[in-house]
Amino acid sequence: MAPVAPRSGDAIFANIERVNAELFTLTYGAIVRQLLTDLEEVEEVNKQLEQMGYNIGIRLIDEFLAKSNVSRCVDFRETADVIAKLVCSISDALSISLSGLEQQCNVVGFKMFLGVTASVSNWDAEGTCCSIILEDNPLVDFVELPDTCQGLYYCNMLSGVIRGALEMVSMKTEVTWIRDVLRGDDVKLLKQVPEEYPYKDDECFMLKKIKISKHLFKDT
Amino acid sequence: MVREVSESCLDSLLTEVVSCYCNRFYPNKHDLAARRIEAIGYQVGHQLSERYTMERPRFNDHLEAIKFICKDFWLELFKKHVDNLRTNHRGTFVLQDNKFCWLARMSIDPFADSGKSPEDITSPTAGNKATHAMKMHLYFSCGILRGFLSNLGILCAVSADILTLPTCAYFSLSHTYTEITL
């Protein structure tokens with residue numbers, strides 16, 4: 001059977017059922033607000049948002065893979081299996097295949113579900129770390145963070161979704177926020193976790209880092 | 001152009017919120033979980049009422065407001081109208097939706113409880129547990145309606161019921177003069 005070409009995010013988004021984004025935005029906002037009321041600690045809320053996102057992501061990846069015809073996952077498994085047995089000579093191939101899959105997952109995924117275009121950039125030398133930039137995030141429409149919640153990662157659910165989704169395709173990742181317009185325009189570089197590759201012969205597990213930076217242009 | 005997101009985003013989010021509150025935060029305290037879920041819906045309904053009634057004149061009476069909900073509000077949220085509206089003309093309204101989209105994809109697993117034999121399916125407890133789980137999802141919509149109406153100055157209690165599993169939902173709005181506090 002000839003391999004089916006992956007569909008673009010726009011094409012998929014045009015064909016799936018869609019709902020009003022305002023309802024989604026306001027629901028997310030109400031959830032964050034209720035979590036803040038119930039849990040009171042901003043760190044705890046961040047953690048719960050990430051956990052909820054993770055639970056969503058592990059299911060959303062099925063729909064993503066079914067609808068987008070991303071076939072490279074199968075290749076990636078084989079590639080990663082080979083890579084696990086070699087050391088660094090094929091790291092270029094690794095970065096290409098991983099970056100390809102991630103680019104597809106993230107760029108197509110964001111378009112397909114949230115209806116926004118994301119871009120991937122800032123790959124580091126080993127190809128294990130990249131930035132995803134969301135120019136226009138529906139979650140933060142109408143949102144301003146009060147001073148009491150400055151430690152809050154408002155969109156932490158997104159990082160959980162990405163982590164959950166990628167874990168289901170055998171990529172263990174860490175997702176951290178770099179820049180967030182809701183918290184002010186300062187560039188906050190989070191602590192760098194040393195990169196490790198826990199290769200296992202029979203499992204295709206790669207520890208990677210994806211830093212997400214989100215730029216949002218405020219409406220003037 | 002109205003901005004849109006995929007339906008599965010919202011479905012996943014709601015399912016996860018209900019699961020989180022019922023299983024993680026308040027595992028054996030369904031009342032508390034229900035109140036929180038309803039409070040989230042209240043917040044959403046409150047804000048949506050401002051957005052959707054901005055450009056129209058004030059409602060003359062409660063019936064007009066309810067009709068607005070049945071037609072325009074339901075259309076914005078669920079892309080369909082409410083199928084049936086009934087009232088007793090004494091402050092109670094019943095809205096019936098024959099295919100409520102947030103319930104439409106739910107199924108009930110009669111063997112959900114381990115150790116139950118097939119003969120127990122017809123027992124009231126098995127059906128009740130499944131219905132109870134589905135009702136937790138309805139609290140959010142009840143909250144939306146209550147929030148929407150409260151911002152229009154109509155204080156009421158909203159409750160929902162499932163008639164023909166799993167796709168029919170009733171929302172009874174009973175007009176009260178005391179505000180329900182959570």
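## Getting started

A residue is called buried when its relative accessible area is under 20%, exposed when over 50%, and partly exposed in between, using a 1.4 Å probe and protein chains only. By that rule, strand β3 (residues 92-97) of chain B is mostly covered, with 5 of its 6 residues buried. Helices (H or I, at least four residues) and strands (E, at least two) are DSSP runs, numbered from the N terminus.

This is a predicted model, in which local features need pLDDT of at least 70 and side-chain atom pairs count only at pLDDT 80 or more, while totals for chains, interfaces and linings use all residues. Residues are numbered from 1 along each chain as its sequence is written, chains are lettered from A and ligands numbered from 1 in the order in which they are written, and side-chain values use heavy atoms, with hydrogens and water left out.

## Chain B and its hairpin

Let's walk along chain B. It holds 5 helices and 5 strands, and from the N terminus on their order is β-α-α-α-β-β-α-α-β-β. Of its 182 residues, 44% count as buried. Contact here means heavy atoms within 4.5 Å. Among the contacts in chain B between residues at least 6 apart in sequence, 61% join residues at least 24 apart.

Now back to β3(B). Two strands pair if DSSP finds at least two bridges between them, and β2(B) and β3(B) pair in the antiparallel sense over 4 bridges. One example is N84(B), whose bridge partner in β3(B) is Q96(B). The hairpin of these strands has 4 residues between them, and there H89(B) takes a positive phi near 60°. K79(B), which is not a glycine, also has a positive phi, near 60°; you will find K79(B) in the loop between α3 (62-78) and β2 (84-87) of chain B.

## Where the two chains meet

The contact takes 39 residues from chain A and 35 residues from chain B. The size of an interface is often given as the accessible area lost when the parts come together. Here buried area is the accessible area (1.4 Å probe) that two parts lose on being put together, summed over both. Chains A and B bury about 3,300 Å² between them, 62% of it on carbon and sulfur atoms. On the chain A side, V19(A), L23(A) and L26(A) lose the most area to chain B, together 19% of what that side buries.

V19(A) also has a bridge partner, V5(B), in β1(B). β1(A) and strand β1 (residues 4-6) of chain B run antiparallel, joined by 3 bridges.

## Charged partners and single residues

A salt bridge is a side-chain nitrogen of Lys or Arg within 4 Å of a carboxyl oxygen of Asp or Glu. The rule finds 3 salt bridges across the interface of chain A and chain B. The side chains of R18(A) and E4(B) meet in a salt bridge, at 2.7 Å from N to O. The side of chain A that touches chain B receives the most from α2(A), with 14 residues.

N55(A) lies in helix α3 of chain A and counts as buried at 15% relative accessibility. Leaving aside its neighbours within four places in sequence, N55(A) is in contact with E16(B) and R24(B). E40(A), in the loop between α2 and α3 of chain A, is exposed, with a relative accessible area of 65%. E40(A) has a positive phi of about 70° although it is not a glycine.
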